Amino acid sequence: MFSKSLISCLRPSATLTSRRLLCSAMKKGRAPDMAEGNPLLHVSNVRNRLREIVGASTNWSDHQQAMSERVSLSSTLARSQSELPAKSMKESFLEVHLPLGSEPQLREKYLTFHNTVRFGRILEDLDSLAVLISYSHTYNPALKRSPLSIVTALVDKIDMRQHVIYPDCDIKFTGHVTWVGRTSIEAKMHMTQYHNGAYSPVLDATFVMVARDPENKRAAFVNPLRPEGPEEEEIFKEGETNRSRRVELSTASLLKVAPTAEERKIVHGLFLNTLDTKTVSFRGRVLPPNSVWMEDAKLKGLEICHPQERNIFNRIFGGFLMRKAYELGWANACSFGGCRPSLVAVDDILFQKPVEIGSLLLLSSQVCYTEGKHIQVRVHSEVFDPLTRQHNTTNVFHFTFASDRDVPNIVPRTYGESMLYLDGKRHFNQTVESN
């Protein structure tokens, strides 16, 4: 039987043939709630909504003028968080549709050569949605434009619930704010896809956003979050736990403190396993069977950052950076494993500095850890100034891929590579534990 919502989409004079066509469309991945005229937000309108909220323009020259006018909004910022009303989780809830099944003209943007979905495009959509969710939480009906500049600080985690994303089936994104600090917001999102007559989960994502003043120079306060009921209390507590975990991981970073005793044993074991037994020398190194030197598992890329890829604040869109990093990391994993890998998880994407329009963006992908069929890839992005010859790190990305076969072992030569190996192992273990 058709659902009531589906029946309402049918004209009274609909023929039996039209009903058959509708049933066929549903089987092919066209969801009934993606019918034309549905008031829920279309994915192509998310960035338009964001432009309206901050008063940005789609025109490059007008955009610069609009951003300069935002300076006057500083007077509307709250001087403390206590001045702002608490918001509930449902006030930031959003549902966004990506109708790949219902609107075939959308597919080309999302399709790969092999007729699969470009996950880099999904990352762009998630980033935009996380920003819009955060603005929904901080919405003030008394203001025509928001004085806040909300940007992505961290992609805490993206866990894949299934590895197949169908290119001709409708997709739905849902999400809301789950935790709030004084100037930061945690937003959780879920992606589902309509297939075989029902929605099934594809991924869960957690983003951390930060609020800045209109000029994006200093932190700005955001509305506190008011959990309602035991379930929301539990969600909020999980957000607190996530925050504590992030602080702990940052404190234990190998860029700050020495490896643990167990990790030192691992590094020494790798070293001993590569010694040339024919010579008594610390310098004589031999690659073990079914192994690859870490220095031989790199892939690099360069992007010239054009205005087309700007965000609503006149800098390069974070989703674009994630897409480029993912595609480079995927290509590296594909080359290393000898097959088309599937994504298992994305975690700990840190946005250290914004990327200005016109920048030369250097991307460096490194396979830093392998185990069985899994490949851990780290992508480092930096801006290069050809005039000063300076390099400044902007982002670090971590991706876990799975191959359809066992992959070679990655072997570090230097101490720096050994630290990359241990860092990759830590990220892989976190992914395994969370899944």
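Which loop does T274 lie in? T274 sits in the stretch between α8 (261-273) and β7 (291-293). Keep in mind that you're looking at a predicted model.

**Around T274**

Is T274 buried or exposed? Its relative accessibility is 1%, and buried means under 20%, so T274 counts as buried. A polar atom of the T274 side chain lies 2.9 Å from the backbone oxygen of F271. Leaving out residues up to four places away in sequence, T274 touches G284, R285, V286, P288, W293 and V411.

**Around P408**

Now hop over to another loop: P408 lies between β12 (390-402) and β13 (409-411). The C-alpha atom of P408 is 8.5 Å from that of E371, and these two residues are 37 residues apart along the chain. With residues up to four places away in sequence not counted, P408 touches N290, S291, V292, F336 and T370.

| Residue | Loop between | Touches (residues up to four places away not counted) |
|---|---|---|
| T274 | α8 (261-273) and β7 (291-293) | G284, R285, V286, P288, W293, V411 |
| P408 | β12 (390-402) and β13 (409-411) | N290, S291, V292, F336, T370 |

Helix α3 (residues 46-54) packs with helix α6 (residues 119-137) at about 40 degrees, and their axes are 10 Å apart. That angle makes α3 oblique to α6. The crossing of α3 past α6 is left-handed.

Which residues meet here? From α3 come V46, R47, R49, L50, I53 and V54, and from α6 come S128, L129, V131, L132 and Y135. Sorted by type, the residues of this contact are 8 nonpolar, 1 polar and 2 charged.

Definitions and conventions
Residues are numbered from 1 along each chain as its sequence is written. This is a predicted model: local features need pLDDT of at least 70, side-chain atom pairs count only at pLDDT 80 or more; totals for chains, interfaces and linings use all residues. Side-chain values use heavy atoms; hydrogens and water are left out. Helices (H or I, at least four residues) and strands (E, at least two) are DSSP runs, numbered from the N terminus. Buried means under 20% relative accessible area, exposed over 50%, partly exposed in between (1.4 Å probe, protein chains only). A polar contact is a pair of N or O atoms within 3.5 Å; within protein, one must be able to donate a hydrogen and the other to accept it, and residues adjacent in sequence count only if both atoms are side-chain atoms. Contact means heavy atoms within 4.5 Å. Axes are lines fitted to C-alpha atoms, for helices over the stretch in contact, and angles run from 0 to 180 degrees between N-to-C directions. Angles under 35 degrees count as roughly parallel, over 145 as roughly antiparallel, 65 to 115 as roughly perpendicular and the rest as oblique. A crossing is left-handed if the near helix is turned anticlockwise from the far one by less than a right angle, and right-handed if clockwise. Ala, Val, Leu, Ile, Met, Phe, Trp, Tyr, Cys and Pro count as nonpolar, Asp, Glu, Lys and Arg as charged, and the others, Gly among them, as polar.
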